[in-house]
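Here is a short briefing for a reader meeting this structure for the first time. Please look over the sequence and the model before reading on.

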Amino acid sequence: MRHLPYMVAAWLLLIGLYGVVTSRNLVHTITCLSVAQSSTYILLLSVGFERGGTAPIFLDVPVGTKAVDPVVGALTLTDIVVGATVSALLLALAVQADKHHGSLDPERLGKAQDD
Amino acid sequence: MTPALRRRVFLVAAAVAGALLVWGLTGLPDYGVYAGPYGDVLNQVAVAERKAANVVAAVTFDYRGIDTMGEEFILFAAVLGVAILLRAQRDETEQPPDEDAADRHAPGTSNAVRVVGLALLGPVVLFGIYVVTHGHLSPGGGFQGGVVLATGALLVYLSGEYVTLRRVSPELLTDLAESTGAAGYVAVGLVGVAAGATFLANVLPLGQPGMLLSAGTIPVLNLVVGLEVAGGFVLLLYEFLEQTLVIRRPGEVT
Amino acid sequence: MIVLEVSVFLLVAAAGTAVVLTRDPLNQAIVASFYGLVLGIMFFVYQAPDVALSQIAVGAVALPLMILLALAKVRALGGDRRDDR
Amino acid sequence: MDALPALPVALPLLVAAVLVGLAPVCPRRVADSAALATAAVVTVLCLVLLADSLDGPVVYWFGGWTPREGIALGVAFTVDTVGAAVATLAGVLATAALTFSWRIFEAVRTLHHGLMLVFLAGIVGFCLSGDLFNMFVFYELFSVAAYALAGYRTTDPGSVRGALNFAITNSVGAILVLGGIALLYGRTGALNLAQLGEALAGRPADRLVVVAFLLLMVGFFVKAAVVPFHFWLADAYALAPTVVGVLFAGVVSELGLYAVVRVYWTVFSSPLDRVEGLRGVLLLGAVTTALVGGAMCLLQHHLSRMLAYATVSHVGLTLAGFALLGPAGVGGAVLYLVADGMVKGSLFISVGIVDHHLRDVDERRLAGRGRHLPWLGALMVAGALGLAGVPPFGTFLGKALMEEAALETGHPWLIGLFVAVAALTSAALLRATGRVFLGLGSRARAAGAPRSPDEAALRHPHVHATQALPAVLLLAGALALGLAPRLATEAEDAAGQFTDRPAYAAAVLEGTRDPAPPAGPHLPIQLAAPALWAAVSALGGLGLALAALMPDRLPTRLRAGARAWRPAADLLRGLHTGNLGDSVTWLVVGMAGFGTLLAVVLR
């Protein structure tokens with residue numbers, strides 16, 4: 001339990017990369033990448049979590065109440081936006097790749113020319 | 001590498017990398033123990049200094065507001081990129097659009113779905129606006145509310161009124177919303193400079209914590225972010241949507 | 001409370017694994033949407049409602065939707081070409 | 001002008017947003033001029049910051065949140081000479097690239113300019129930032145803009161594949177960077193570089209610090225394209241439009257190196273105190289990168305691909321300077337990086353001109369077709385000499401300083417590496433120039449013979465000044481950098497400032513600004529021996545190029561020797577598949593390898 005969420009994060013990173021490496025469909029690849037990305041959300045929020053702390057919103061509770069770290073919340077918010085926008089851009093590229101190569105299989109995108 | 005060889009090489013390397021990760025991660029404080037000073041200090045001082053009840057909002061839009069400016073422009077760049085990629089392609093393949101043709105409707109929309117979708121539209125838009133405007137008081141803010149608002153536009157699509165979506169949020173309008181939001185963030189930053197303070201300084205009156213009009217520039221930044229995110233996400237969905245519908249040939253859709 | 005946390009963590013790990021192991025992209029989009037929702041719940045457990053809202057809006061709704069639209073687009077475009085192979 | 005450090009980021013972002021918002025009504029030339037003027041202004045602002053930073057870092061707290069009792073509440077830009085110099089290089093290259101594009105028609109022009117400005121703003125913010133997470137945000141900002149810019153030339157199917165590989169591999173790198181940030185934050189509760197450095201100072205590194213450094217290093221090495229993290233680079237750089245390729249080849253890879261040394265010197269230099277071991281690991285990466293890049297460069301016939309691998313190879317050289325972990329090495333590497341960036345930018349523009357006017361970039365198919373553009377050939381030969389580090393190019397001065405540092409730290413063999421790599425990359429370019437512009441080469445006559453009769457109609461008859469001028473000026477800039485030997489000592493001073501962690505921390509956290517930074521002892525700069533080495537590199541390059549062009553004139557024994565290398569060359573080529581699964585697999589292999597080495601030498 002002491003390190004369980006950190007291990008979950010490490011697992012998600014590796015399994016996500018496994019998906020990226022073995023994927024035969026670009027849309028699948030991109031979704032796997034977003035799983036790998038989600039490991040960072042978990043890691044960030046885990047290191048800022050304080051047992052017994054409330055959410056850092058002091059509307060109904062007075063300032064001074066034990067609360068979790070607001071900074072990791074802000075960082076993760078940014079991280080989620082980054083992940084989503086990169087995925088959107090990648091999906092657009094995948095649509096393009098399908099148009100040019102007639103396939104979403106990374107193995108069929110052709111080899112590098114002239115080496 | 002062949003796929004089989006690649007999988008094997010990956011598994012070996014990932015085992016080593018994973019072991020290293022675990023080794024390093026166990027050097028962290030135990031889960032549930034927060035060591036650092038940053039968050040504690042902000043939890044102590046932010047409400048008094050910024051009159052924002054939601055400290056995450058104070059961090060996002062004030063203490064670390066420059067991060068959020070970068071984040072907004074990441075979204076901006078991605079939307080631009082998607083637009084460039086897909087628009088260039090559309091120009092190559094687009095059939096002359098026929099606004100009223102039946103094949104431009106989403107497939108298989110029943111009247112029941114249509115009614116439910118339209119009935120939900122009002123509450124969704126209201127909820128989105130609420131989330132955007134109360135970001136400094138409660139969970140939520142420009143980003144979350146913006147996505148909710150974009151979902152509203154999607155409901156219009158789901159209810160089969162795709163033609164309406166074309167009229168409600170044509171590219172021009174969403175482009176404009178998105179770039180106004182993005183430019184607005186920088187402009188708020190420059191207001192701080194103009195007032196003789198630093199870039200992104202919170203120079204507006206702070207008010208009292210818990211009030212709708214409080215926390216200075218934080219709700220203003222929430223508004224511009226909401227505008228940008230709503231415009232940006234509608235545009236993202238719209239670009240993919242447009243692709244789908246333009247390619248579809250008559251007769252394929254019933 | 002601890003039991004709840006542990007089960008949420010394990011659920012997240014399992015759901016993430018399921019996303020990767022679902023090879024058909026269409027099914028995967030649906031599993032990914034579920035994963036996005038589970039992550040959102042985990043963030044509520046972490047007392048981060050702001051993040052949870054973002055995660056659910058993006059991970060459970062917007063992103064799966066974009067995936068579905070991209071897939072729809074690819075199928076509309078490539079349906080007849082792929083038959084040749 | 002108190003807000004000066006914020007402006008080179010805020011201004012291009014604002015102009016980008018306004019341009020895109022007005023895209024439907026904005027006339028083409030207005031958009032062009034606005035983008036070009038903005039890039040030029042950003043360059044000037046960065047130069048002013050560079051001048052300001054000579055007396056110590058300029059610290060700018062956004063929102064006015066100065067630190068309290070050593071705890072940073074907000075985000076600071078901490079502008080020192082090295083950061084400002086790299087930012088200035090980006091501004092110069094962006095200005096040159098936008099000038100080049102003046103005459104080239106693009107359908108999505110305004111949106112493209114918007115992306116270019118966001119790209120530039122991201123790079124500048126990344127160079128100026130003094131906060132680890134803020135660096136990550138700007139890193140993602142310029143990366144996302146770069147992914148889109150790499151893939152939008154949809155007429156070339158390869159560019160989409162290149163962009164996908166680029167975006168996915170680099171996103172994995174970014175995830176690792178963020179993992180490193182999370183580890184450091186979990187330990188110290190800080191994100192400001194100076195505060196992080198203070199929190200970790202004084203104690204030897206434990207496993208968390210080692211792994212955090214590993215994650216940051218590997219993540220940034222992906223952008224830098226250090227071997228084996230480089231497999232994505234060739235397709236992305238070579239198939240990108242010229243306007244974008246100039247910045248890619250000129251500065252983007254180097255930013256990855258910049259980030260590693262910035263983070264090392266501000267955060268990790270105290271806990272990672274086993275300098276010898278770390279130096280060895282970094283040098284290993286540097287040597288592999290330099291040699292693999294150089295060999296691959298020589299094996300290319302596609303001109304932009306050649307430049308892409310020259311970039312990999314010179315990243316290796318620059319890393320060698322940084323890896324010496326001392327002021328002289330860092331100063332030399334930065335000077336080299338800036339001059340080399342301008343040379344590569346110039347060469348990329350020259351190749352863009354070839355592409356635009358001859359409609360091809362394959363050396364073999366182009367054989368002899370450049371005869372009517374002798375000045376372009378001369379420009380590319382000059383560029384090749386710049387790559388070789390011949391005096392008086394700035395690359396020479398940087399390399400001379402790195403060679404001094406190599407001797408001082410007891411790594412004289414590095415000079416051999418510098419000579420070999422400079423010979424390899426300049427040979428590739430000289431060979432291509434000789435074939436394209438002089439029609440040299442035995443094979444060229446055969447392959448280039450079937451020439452379509454209407455070729456003259458195919459090519460553009462006239463090269464516009466707006467296309468040629470930026471290439472000439474960039475090269476002139478690289479020359480000018482080498483004409484002031486004083487620059488070597490100033491680079492060393494700047495590096496002294498860059499590597500002085502306690503002074504950096506005091507400037508950021510306590511606001512102390514030493515009016516006269518103590519100038520450390522300079523290495524006596526000897527220019528005679530480096531000039532000799534440069535001559536050896538250039539002659540070696542010329543010899544290799546001639547040998548490749550006229551293999552039948554070689555003595556038989558040499559020819560047999562050259563053939564013996566063929567299996568190795570085939571193997572090397574075979575590894576560079578351009579497959580995205582391969583790139584990510586190699587990334588994980590590299591992470592495991594570097595991680596094991598670091599764990600052994602640092603603990």
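The points below cover one chain, one interface and one pair of helices. The model is predicted. Chain C is built with three helices and zero strands, chain B touches chain D through 60 of its residues, and two helices of chain D run roughly parallel to each other.

**Chain C**
- The order of elements along the sequence of chain C is α-α-α.
- Chain C has 85 residues, and 54% of them count as buried.
- Among the contacts in chain C with a separation of 6 or more, 41% join residues 24 or more positions apart.

**Chain B against chain D**
- In this interface, 60 residues of chain B are in contact with 65 residues of chain D.
- On the chain B side, two or more residues each come from α1 (3–25), α2 (37–50), α3 (55–63), α4 (65–93) and α8 (171–194).
- Helix α4(B) gives the largest share of that side, with 18 residues.
- The side of chain B that touches chain D consists of 40 nonpolar, 13 polar and seven charged residues.

**Two helices of chain D**
- Helix α2 (residues 28–53) and helix α4 (residues 109–128) of chain D have axes that come within 9 Å and cross at roughly 10°.
- Angles under 35 degrees count as roughly parallel, and α2(D) and α4(D) are therefore roughly parallel to each other.
- From α2(D), the residues making the contact include D:R28, D:A35 and D:V42, while those from α4(D) include D:R109, D:M116 and D:L120.
- By class, nine nonpolar, three polar and two charged residues make up the contact of α2(D) with α4(D).

Methods: Residues are numbered from 1 along each chain as its sequence is written. Chains are lettered from A and ligands numbered from 1 in the order in which they are written. This is a predicted model: local features need pLDDT of at least 70, side-chain atom pairs count only at pLDDT 80 or more; totals for chains, interfaces and linings use all residues. Helices (H or I, at least four residues) and strands (E, at least two) are DSSP runs, numbered from the N terminus. A residue is buried if 20 or more other C-beta atoms lie within 10 Å of its own, exposed if 12 or fewer, and partly exposed in between; C-beta atoms are placed from the backbone. Two residues are in contact if their C-beta atoms, placed from the backbone, lie within 7 Å. Ala, Val, Leu, Ile, Met, Phe, Trp, Tyr, Cys and Pro count as nonpolar, Asp, Glu, Lys and Arg as charged, and the others, Gly among them, as polar. Axes are lines fitted to C-alpha atoms, for helices over the stretch in contact, and angles run from 0 to 180 degrees between N-to-C directions. Angles under 35 degrees count as roughly parallel, over 145 as roughly antiparallel, 65 to 115 as roughly perpendicular and the rest as oblique.
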